[in-house]
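I opened the model to look up a few local features. My notes are set down in the order of reading.

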Amino acid sequence: MDYGKIVMSTITDKPKKKKKPSSEWNRRTNTVPLTERGAFQLPEAADYLSRSITTVRRLVKRGEIHRLPSFRDIVIAKAECDRFLREQTDIAKLAA
């Protein structure tokens, strides 16, 4: 046997499958409107509260917004978001 030579073979029977651009990927999207959901993931909670994702993370870390404990990702109940917004409007009324 001659080990000095490397034999390379190519399969030309099947053409390579062209990858889709990322804009055409099948992503899971939730079609339920934000106002009808019972809980939000972090980006959705940020949209609902009209704050950035970073701000919502800080609020969760400080304990001002409580997350649902049994999930790996940060999931916040809609009632918790409503409670936070209600408290903020009450504080704004007292300050005025």
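**Basis.** I am working from a predicted model, in which local features need pLDDT of at least 70, side-chain atom pairs count only at pLDDT 80 or more, and totals for chains, interfaces and linings use all residues. Residues are numbered from 1 along each chain as its sequence is written, and side-chain values use heavy atoms, with hydrogens and water left out.

**Helix H2.** I took helices (H or I, at least four residues) and strands (E, at least two) as DSSP runs, numbered from the N terminus. In H2, residues 53-62, I found Val56, Leu59 and Val60 buried (under 20% relative accessible area; exposed is over 50%, partly exposed in between; 1.4 Å probe, protein chains only). Seen down the axis, these residues fall within an arc of 100°, so they line one face of the helix; the arc is that of the directions from the helix axis to the C-beta atoms. They pack against helix H1 (42-49), strand E2 (75-77) and helix H3 (78-95), contact meaning heavy atoms within 4.5 Å. On the other side of H2, I noted Arg58, Lys61 and Arg62 as exposed. Glycine 63 follows H2 and has a positive phi, near 90°.

**Glutamate 80.** I located glutamate 80 in helix H3. It counts as buried because its relative accessibility is 13%. Its side chain makes a polar contact of 2.4 Å with that of arginine 83 (a pair of N or O atoms within 3.5 Å; within protein, one must be able to donate a hydrogen and the other to accept it, and residues adjacent in sequence count only if both atoms are side-chain atoms). Leaving aside neighbours within four places in sequence, I found glutamate 80 in contact with Glu64, Ile65 and His66.

**Serine 50.** I found serine 50 in the loop between H1 and H2, with a positive phi near 60°. Serine 50 counts as exposed, because its relative accessibility is 57%.
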